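Subject: A structure for you to look at

Hello,

Here is the structure I promised to hand over. Please open it next to this email, and then read on for what turned up in it.

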Amino acid sequence: MKLVTLEREGRYTLGVKTDRGIFDVAASLNADSVAPAGSFGNIPRTVREAIEGGAEALAALQRHVEQALAQKERSAFLLDEADVDFGPCVTDPGKIICVGLNYRKHAEETNAPIPQFPILFNKFNNTLNAHRKDVPLPKVSSKVDYEAELAIVIGKKAKYVSKERALDYVFGYCNANDLSARDLQMRTPQWLLGKSCDGFSPIGPYLVTADEVGDPNRLSIRCIVNGELRQNSNTADMIFHCDEIVSYISQHMTLEPGDIILTGTPEGVVLGLPENKQVYLKDGDIVTVEIEKLGSLTNRMVREV
């Protein structure tokens, strides 16, 4: 299932992508003519409720959508995707954990040694952004870079989980762009400053449930800037694969439902180019991240005012 966050007047509600458009779950449940939530169990109204409700909530949601779409009068709850105002596909993660230098060829292009352990850093909720929303280019940076990444969304509380069981704790996956102000990032040995500017973590457009994705370690991943292909790789090039990452992090901290893990970026970023060929993102640039089975995440860069 592909879950969507719909934004209306600053409020987030749940949608589901279907072959006929985006089904507005909250509007459907609020309509007098639609069966109440208890009819199929606890039907989630937000992405957070879907994540925390797990398999039971998803089953109830699936049955509700199927029943509604079988009735012609329910077409009012179908939205044209072109008209949808997307919110972040996960709206309130407790943690945003990132893995640095996790693609072999990316480490090589930046002349960095292959890590022996996952390099972890964090971002905050102020960085969350959504499909088709603008990304502000900070006044204090002139070197903002793109980073196409696969994001893991945790579905169950995880502590000391084995690699073999790690993916059982994953709710789903989504596209992410780990935008990075390189001049701020490299100012000190800690990367946080260059990673945590406002709007620097667009995610979406969909949160795709794990069952629909299958093996996350073999997905094509691309980044396109103003129509030009910049990154073109596969998650198979990861140094530490998704199951290893979830297991490793869980040995050191408890992962909770809704936590997001950004798994690293492949080669092709601006930082990896010779210095005389580095052209960083500027006002008006359009960046699209595409990952197999997860759709396309597009954002425009805008000069901060």
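A residue is called buried if its relative accessible area is under 20%, exposed if over 50%, and partly exposed in between (1.4 Å probe, protein chains only). Helices (H or I, at least four residues) and strands (E, at least two) are DSSP runs, numbered from the N terminus. Please keep in mind that this is a predicted model, in which local features need pLDDT of at least 70 and side-chain atom pairs count only at pLDDT 80 or more, while totals for chains, interfaces and linings use all residues. Residues are numbered from 1 along each chain as its sequence is written, and side-chain values use heavy atoms, with hydrogens and water left out.

**Helix 7 and the cores**

Seven of its nine residues are buried, so helix 7 is largely enclosed by the rest of the structure. The buried ones are Cys-242, Asp-243, Ile-245, Val-246, Ser-247, Ile-249 and Ser-250. What do they pack against? Their partners are strand 5 (96-100), strand 6 (119-123), strand 10 (148-154), strand 11 (170-177) and strand 16 (260-262).

In soluble globular proteins, nonpolar side chains tend to be buried together. A nonpolar core is a set of buried Ala, Val, Leu, Ile, Met, Phe, Trp, Tyr and Cys residues joined through side-chain atoms within 4.5 Å. The largest one here has 55 residues, and Val-246 and Ile-261 have the most contacts inside it. Another core, of 34 residues, lies apart from it and includes Val-47, Cys-89, Ile-96 and Val-153.

Contact means heavy atoms within 4.5 Å. Leaving aside neighbours within four places in sequence, Ile-261 is in contact with residues including Ile-97, Val-99, Leu-150, Ile-245 and Val-246.

**Rings and charges**

Rings of Phe, Tyr and Trp (its six-membered ring) pair if their centres lie within 6.5 Å; planes under 30 degrees apart count as stacked, over 60 as edge-to-face and the rest as tilted. How many aromatic pairs does the structure hold? There are three. In one of them, the ring centres of Phe-23 and Phe-77 are 6.4 Å apart and the planes are at 80°, so this pair is edge-to-face. The pair links distant parts of the chain, 54 residues apart: Phe-23 is in strand 3 (residues 21-24), and Phe-77 is in the loop between helix 2 (47-69) and strand 4 (78-79). Both Phe-23 and Phe-77 are buried.

A charge sits over a ring if NZ of Lys or CZ of Arg is within 6 Å of the ring centre and within 35 degrees of the ring normal. Lys-156 has its charged end over the ring of Tyr-169, 5.0 Å from the centre. The charged end of Lys-159 is placed over the ring of Tyr-160, 4.5 Å from its centre.

**Backbone details**

Most residues other than glycine have a negative phi, and most peptide bonds are trans. Look for the cis peptide bond that joins Gly-204 and Pro-205, where omega is about 0°. Pro-205 lies in strand 13, which spans 201-209.

Arg-132 has a positive phi, near 70°. This residue is in the loop between strand 7 (128-129) and strand 8 (134-137), and at 38% relative accessibility Arg-132 is partly exposed. Asn-226 also has a positive phi, near 50°. Its place is in the loop between strand 14 (220-225) and strand 15 (228-234), and at 44% relative accessibility Asn-226 is partly exposed.

Asn-226 is one of the residues in contact with Asp-285, as are Tyr-280, Asn-299, Arg-300 and Met-301. Is Asp-285 buried or exposed? At 5% relative accessibility, Asp-285 counts as buried. Asp-285 sits in the loop between strand 16 and strand 17 (286-291). Along the sequence Asp-285 and Arg-300 are 15 residues apart, and in space they are 5.7 Å apart, C-alpha to C-alpha.

**One more stop**

Ile-119 is in strand 6 and, at 28% relative accessibility, is partly exposed. Not counting residues up to four places away in sequence, Ile-119 touches Cys-98, Val-99, Gly-100, Leu-101 and Trp-191. Ile-119 and Ala-130 are eleven residues apart in sequence and 26 Å apart in space, C-alpha to C-alpha.

Enjoy exploring!

Best wishes
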